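Subject: Structure handover

Hello,

The structure is below, and my notes on what was found in it follow. Please read them with the model open.

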Amino acid sequence: MQILAFIHVLCYPIGMLKIVKDSSPSIRLKCEPVPMPLSQEDKKTLDEMLEYLKLSQDEEYRKAHPSCREGVGLAAPQIGIQKRMLVVYYPTGDEKNPVVEHQLVNPKIVVNSIKKAYLLAGEGCLSVDAEHRGYVYRDFKIVVEAYEALIDSYVRITARGYDAIVLQHEIDHLNGVLFYDRIDKKDPFKKIPGSVEI
């Protein structure tokens, strides 16, 4: 998987998930908090979302389904569920921590850095078919508090660089914000002094 290219993509053969496109008004709605304790229905949804990402990253599966490309994150409103839930899954190349994997419920960014970061290759989104070129500046470091359904516990996640960018992209979806909203329309490739290129 090319870590520089942050692309959500549609894989029709995976399960029954239907992807909501940016032409739909619902993708712009702010999602509702998830009632706790987590229901079996919501946990099942999170499991299906995570399985979607894992299959999308399986090379053999993609060979069998040529329309399928890799994805690293998925938020509930992208499958038509207006709840504050998201999943993330991707390999890191680090032997000690080989994958980043989350099923986050009601995530909230509680700390963010002044320093900014951006993906040189740009961001993409499963809900956005059109290409939107330009740099998407995000906070280089964030701290997220959420319920982690994978371990049935509340957690506090400190994320930097690529990890922080992925989480911010998905949390944006919960607030009805798409990545291209953050591209400077007058100067899409402007450089912010001190920002980190990833």
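A term needed for the sheets: two strands are taken to pair if DSSP finds at least two bridges between them. Helices (H or I, at least four residues) and strands (E, at least two) are DSSP runs, numbered from the N terminus. This is a predicted model, so local features need pLDDT of at least 70 and side-chain atom pairs count only at pLDDT 80 or more, while totals for chains, interfaces and linings use all residues. Residues are numbered from 1 along each chain as its sequence is written, and side-chain values use heavy atoms, with hydrogens and water left out.

Overall

The protein chain contains 3 helices and 8 strands. From the N terminus on, their order is α-α-β-β-β-β-β-β-β-α-β. Of its 198 residues, 48% count as buried, where buried means under 20% relative accessible area, exposed over 50% and partly exposed in between (1.4 Å probe, protein chains only). Among contacts (heavy atoms within 4.5 Å) with a separation of 6 or more, 73% come from residues 24 or more positions apart.

An open sheet of 5 strands has antiparallel pairing and the order 1-2-3-6-7. Its edges are strand 1 (73–75) and strand 7 (153–160), each of which pairs on one side only. From one strand to the next, the twist averages 35°. For this and other angles, axes are lines fitted to C-alpha atoms (for helices over the stretch in contact), and angles run from 0 to 180 degrees between N-to-C directions.

Strand 2 (residues 85–91) pairs with strand 3 in the antiparallel sense over 7 bridges, and M85 stands opposite V105 in strand 3. Two helices pack on the sheet. Helix 1 (residues 40–56) touches strand 1, strand 2 and strand 3, and its direction makes about 30° with that of strand 2. Helix 3 touches strand 1, strand 2, strand 3, strand 6 (141–148) and strand 7, with its direction at about 155° to that of strand 2.

Further along the sheet, strand 3 and strand 6 run antiparallel and are joined by 6 bridges; here V111 stands opposite V143 in strand 6. Strand 6 is in turn joined to strand 7 by 8 bridges, again antiparallel. In that pairing A146 stands opposite V155, and E148 stands opposite S153. Strand 6 and strand 7 form a hairpin with 4 residues between them, and D152 in the turn has a positive phi of about 55°. In strand 6, 6 of the 8 residues are buried, so this strand is largely enclosed by the rest of the structure.

Another open sheet has 3 strands in the order 5-4-8, with mixed pairing. Strand 5 and strand 8 (196–197) are at the edges with a single partner strand each, so one side of each has no neighbour in the sheet. Strand 4 (residues 116–118) and strand 5 pair in the antiparallel sense over 2 bridges, with K116 opposite D139 in strand 5.

H173

H173 lies in helix 3. Is H173 buried or exposed? H173 is buried, with a relative accessible area of 1%. Neighbours within four places in sequence aside, H173 is in contact with L29, C31, A75, P77, Q78, C125 and L178. H173 and K30 are 143 residues apart in sequence, yet 8.1 Å apart in space, C-alpha to C-alpha.

The second largest pocket

On a 1 Å grid over the protein atoms alone, a cavity is a set of points where a 1.4 Å probe fits but cannot get out, whereas a pocket is an open set with protein on both sides within 12 Å along at least five of seven lines; lining residues have an atom within 4 Å of a point. Grid points are joined across faces, edges and corners, and a volume is the space filled by probe spheres set on the points.

The second largest pocket has a volume of about 200 Å³. It is lined by 13 residues, of which I109, D139, Q168, D172 and R182 are the closest to its centre. Strand 3 (99–112), strand 5 (138–139) and helix 3 (161–174) are the elements that give two or more residues to the lining.

Regards
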